[in-house]
Amino acid sequence: MNAAGQTRVSIRQRLTKIAALYWDTLSFAGVILAALLFATSMTPSLLPRSFTTQGLLSGFAAAFGYACGVFVDWVWRFLQFRPLSQGVKRTARLMNLVCAGCLMAVVLWRATYWQNSIRSLMEMRPVATSYPFLTALLAAFVAVILIAIGRLLVFCSVFVAQRLKCFVPDRLAYVLAALFVLIATATVSNKLVARSLLNFADASFARIDRLTDEGVSQPAFPNQSGSHSSLVDWHSIGRRGKQFVVAGPTAEQLSEFHQCECVQPLRVYVGLTSRPTMRARAQLAVEELKRTGAFERSVMVVVTPTGTGWIDPSAVDTLEYLHAGDTAIVALQYSYLPSWLTIIVDPERPTLAARLLFDEVYGHWKSLPEKTRPKLYLHGLSLGALGSELSADVLTIFEDPIDGALWSGPPFPSTQWASLTKARNPKSPAWRPEIRDGRMVRFQGQSPSSMDEGEWGPIRNVYLQYASDPMVFFSPDLLFEEPAWLQGERGPDVSAYLRWFPVVTCLQIAFDLPLATNVPLGYGHNYAPADYIDAWCSVTDPDEMTDEKVSRLKSIFADRKPATF
């Protein structure tokens, strides 16, 4: 045999030995638990998934199941139970593999049906297949990589423990070694990996924020932010802010709809580089409002944007139509990072920005004669809702209250939303809570609530949320507790086959988060103009908006495509 042939044989023998060693050290309690978690991860969650997302999710679930099985094996040995004989071990291994294989085959066969059960509720075309074999291959690859990483950490712990045994008792050595490896891994991951990725993301999104999209140019209308007459420099407004100030309905479009002469809506936006501090930027926003005559309009809305500075056109355009352009909308950019990165980097930033802007606007607003000042409202979507709902301190506005608020898609950390949901009337579901008699707070979605036609109190607050929105209904509590929104009556866009499983459901909804806007308008985290119209009508009670006009307005927005954050 030549040298090349000997090399191939040698490599083959080594691989065989590695495979045999891997097989001998494989935890078969881990295998069966990995199969169970893989199977439950294939069941539907809130949103439909592609095979790549499903494969990643199932791989993570299987790896976690295997880790649990390894822990069970360790407990068995720690309690010094009698080890199984080789014959029993071989039989148990074979039975485990057969049972795991059968279970995985069944769930892969049902996967397409489960995914279509969500798609049908969201008016999406059914898929012919969910690519079960590709899903299984990707899940196996991900699980093997994660298990290999886990084994490497265990090997490092054992290696360190062997050195520590010279100085401390054996069990203490293993404990100290495990702590050392975990701390070292976390430190390296945080300082080298996570920090590098955050710095890269920060630089990348900063460059994107400085861009100007094609078709967006400096406004010519003097009362628009960024114009030559504006106090806000055009180049200091971020990319999303520029989109906001130049978009929206024109006075001509509004006049055509209302069949009367309408005014041009006012939009004020202050970017991150417009002033050096957040308070100075909030003060600049108020000065710009004064310059444009915004406090002479009938309706004023203080908007808290999402992390990137984006404001949902479906929310603001519909408001301007409802009030014939007699509106002023003001917003303050606090970040250029996506919402999920903003929460990691500085979770207090949206709340601080919303509070500073509200305080400045409210301070001037309440100094005006009550009969001539505009009605004042708050609005925010997603992370903007989180900041906006805490911007108006109850004690601050108790003497001179604002008129209301519309918050859409409030994320799960929203404390006020969580408190209201928990205090809902006993017979109302968690995905559509009813709060007392509905005079101060109401929740709306795709379908009307029994409270929607009731009498309002002096302040009108509405939460717009869909039962299929993972941004709203994700929570770490899903790890070990069945959520209230899965108990009793289900939302109209939630699959009948969605079941709660410890750990797995938390993973499923977490994997739904990046997909929250990859669904049609009216589902997930994509809030439809028609639902905004109903919500704004409820909150602001616009004059002369008959049912016929509302219906006609909804038809204008019916073909609008989902916008991206």
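Residues 24 or more positions apart make up 74% of the contacts in the chain that have a separation of 6 or more, a contact being heavy atoms within 4.5 Å. This is a predicted model, where local features need pLDDT of at least 70, side-chain atom pairs count only at pLDDT 80 or more, and totals for chains, interfaces and linings use all residues. Residues are numbered from 1 along each chain as its sequence is written, and side-chain values use heavy atoms, with hydrogens and water left out.

**Exercise 1.** Work out how many helices and strands the chain has, and what share of its residues is buried.

*Solution.* Start with the DSSP runs, numbered from the N terminus: helices are H or I of at least four residues, strands are E of at least two. That gives 19 helices and seven strands. Next, take buried as under 20% relative accessible area, with a 1.4 Å probe and protein chains only. Of the 565 residues, 48% count as buried. As for overall dimensions, the C-alpha atoms fill a box of roughly 90 × 50 × 50 Å along the principal axes.

**Exercise 2.** Find which residues touch the most other members of the largest nonpolar core.

*Solution.* A nonpolar core here is a set of buried Ala, Val, Leu, Ile, Met, Phe, Trp, Tyr and Cys residues joined through side-chain atoms within 4.5 Å. The largest one has 101 residues, and Val 361, Leu 376 and Trp 485 touch the most other members. α12 gives the most to this core, with seven residues. Then pick out Val 361: beyond its neighbours within four places in sequence, it contacts Val 286, Leu 289, Phe 295, Met 300, Val 302, Val 330 and Leu 376. Apart from this core lies another, of 19 residues, including Ala 63, Tyr 66, Ala 100 and Ala 111.

**Exercise 3.** Decide whether Gly 238 is buried or exposed, and say what it contacts.

*Solution.* Gly 238 sits in the loop between α6 (170-209) and α7. Its relative accessibility is 3%, so it counts as buried. Gln 333 is 95 residues away in sequence, yet 7.9 Å away in space, C-alpha to C-alpha. Carry on into α7 (residues 239-246), where Arg 240, Gly 241, Lys 242, Phe 244 and Val 245 are buried. The buried residues of α7 pack against β1 (266-270), α10 (313-322) and β3 (327-332). Just after α7, Gly 248 has a positive phi of about 95°.

**Exercise 4.** Describe how α3 packs on α5.

*Solution.* α3 (residues 51-78) and α5 (residues 132-164) pack at about 40°, with axes 7 Å apart. That makes α3 oblique to α5, since under 35 degrees counts as roughly parallel, over 145 as roughly antiparallel, 65 to 115 as roughly perpendicular and the rest as oblique. Among the residues that meet are Gly 55, Gly 59 and Ala 63 in α3, and Leu 138, Val 142 and Leu 146 in α5.

Key:
Buried < 20%, exposed > 50% of the residue type's maximum accessible area, 1.4 Å probe, protein only. Axes fitted to C-alpha atoms, helices over the stretch in contact; angles between N-to-C directions.
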